[in-house]
Amino acid sequence: MVKPDGVQRGLTGEIIKRIENKGFKIVAMRLSVMSEERAKKHYEEHVGKKFYQALVDFITSGPSVQMVVEGKGSIAAMRKMNGATNPAEAAPGTIRGDLGIETGRNVVHGSDSPESAKREIELHFRPEEIVAFQRIDEAWLYE
Ligand code: DAT
Ligand code: MG
C-alpha cells in the first residue's frame, strides 16, 4: 500500500514503477480513503500500542493506494524493497530509505507474512477484483 503521505507527495508512480521494474505483477489496485473500521482491522495487531490511534488517524487521513502484488517471493521481497520501518534506519535503495524521514510517515505498507498477506488481501479486496493475467516478459523473469 502507498500510504496517504506517499499519495499526497506524488510518489505513487515512483512506487508502482519500482514494483513493475522488479518484475512483480500488480493484480489488484485501488485508490481509496480507508474507513476507520477497515483501518482498525488492518492494524489490529497494534491495538494497545502507544502509536496505535495516531496510526489509524494517519492511515485514514487521505487517499491511499492498496495493491495486491504477485510474484515469486513477493511478500519478503516487497518488505526488503520497502525497507526498515524507521526510514532513518532504512537502507539507501529502499523506498523508505530513499523517500522517507520519520516512522510515522514511512510512505508504504507491506504484508509481513503469507498469513497477513492473505488476511489483508481479504480485508481490502473482493475475489473478483483480483485479476489473473500474464506479463509478456515472464519468460525473461523466471528461468
Ligand atoms: P511495518 O510497517 O514496517 O510493518 P509495524 O508493523 O511494526 O511496521 O508498524 C506499523 C506501522 O506503525 C509502521 O509502518 C509505522 C507505525 N509505527 C511502528 N512503530 C512505531 C513507533 N515506535 N512509533 C510510531 N509509529 C510506529
Ligand atoms: Mg507491519
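## Close-up views of a predicted model

**View 1. Surroundings of ligand 1.** A polar side-chain atom of Thr85 comes to 2.6 Å from an oxygen atom of ligand 1, in a model that is predicted throughout. Two further side chains place polar atoms beside ligand oxygens: for Asn106 the distance is 2.9 Å, and for Arg96 an N or O atom of the side chain is 3.0 Å from an oxygen atom of the ligand. Ligand 1 on its own would expose 510 Å², of which the protein buries 73%. Besides Thr85, Arg96 and Asn106, the residues around the ligand include Lys3, Tyr43, His46, Phe51, Leu55, Arg79 and Thr103.

**View 2. His46 in the loop between α3 and α4.** His46, one of the residues around ligand 1, belongs to the loop that runs between α3 and α4 (52–59). Because its relative accessibility is 15%, below the 20% limit, His46 counts as buried. Its side chain is joined to that of Lys49 by a polar contact of 2.9 Å, and, leaving aside residues up to four places away in sequence, His46 touches Phe51, Tyr52 and Leu55.

**View 3. The buried face of helix α4.** Tyr52 and Leu55, both touched by His46, are among the buried residues of α4, together with Val56, Phe58 and Ile59. Viewed along the helix axis, the buried residues of α4 lie within an arc of 165°, and they therefore line one face of the helix. The cover over these residues includes α1 (4–8) and α3.

**View 4. His109 and its contacts.** His109 is situated in the loop between α6 and α7, where a relative accessible area of 16% makes this histidine a buried residue. The side chains of His109 and His42 are joined by a polar contact of 3.4 Å. When residues up to four places away in sequence are not counted, His109 touches Met1, Lys3, His42, Tyr43, Asn82, Arg96 and Glu120; among these, Lys3, Tyr43 and Arg96 also belong to the residues around ligand 1.

**View 5. The largest nonpolar core.** This core comprises 17 residues, and those with the most contacts inside it are Val2, Ile15, Ile19, Phe24, Met67, Ile95 and Val107. Two or more residues each come from α2 (12–22), β2 (64–70), α5 (74–82) and α6 (95–99).

View 6. The phi angle of Val107 is near 75°, a positive value in a residue other than glycine. Most residues other than glycine have a negative phi.

**View 7. Helix α5 and the residue that follows it.** The buried residues of α5 are Ser74, Ala77, Met78, Met81 and Asn82. Their arc around the axis is only 140°, so they are on the same side of α5. They pack against α2, β2 and α6, whereas the face turned away from this buried side carries the exposed residues Ala76 and Lys80. Just after the helix, Gly83 adopts a positive phi of about 90°.

**View 8. Ser113 and helix α7.** Ser113, in the loop between α6 and α7, is buried, with a relative accessible area of 18%. Its C-alpha atom is 6.6 Å from that of Ile75, although the two residues are 38 apart in sequence, and its side chain makes a polar contact of 3.0 Å with the side chain of Ser116. In helix α7 (residues 114–124), the buried residues are Ser116, Ala117, Glu120, Leu123 and His124. These cover an arc of only 130° around the axis, which puts them on the same side of α7. They pack against β1 (25–32), α3 (36–42), β2 and α5, while the exposed residues Pro114, Glu115, Lys118 and Glu122 are carried on the face turned away from the buried side.

Definitions and conventions:
Residues are numbered from 1 along each chain as its sequence is written. Chains are lettered from A and ligands numbered from 1 in the order in which they are written. This is a predicted model: local features need pLDDT of at least 70, side-chain atom pairs count only at pLDDT 80 or more; totals for chains, interfaces and linings use all residues. Side-chain values use heavy atoms; hydrogens and water are left out. A nonpolar core is a set of buried Ala, Val, Leu, Ile, Met, Phe, Trp, Tyr and Cys residues joined through side-chain atoms within 4.5 Å. Buried means under 20% relative accessible area, exposed over 50%, partly exposed in between (1.4 Å probe, protein chains only). Helices (H or I, at least four residues) and strands (E, at least two) are DSSP runs, numbered from the N terminus. The arc is that of the directions from the helix axis to the C-beta atoms. Contact means heavy atoms within 4.5 Å. A residue is near a molecule or strand if one of its heavy atoms lies within 4 Å of it. A polar contact is a pair of N or O atoms within 3.5 Å; within protein, one must be able to donate a hydrogen and the other to accept it, and residues adjacent in sequence count only if both atoms are side-chain atoms. Accessible areas come from the Shrake-Rupley method with a 1.4 Å probe; for residues, only the protein chains shown count as cover.
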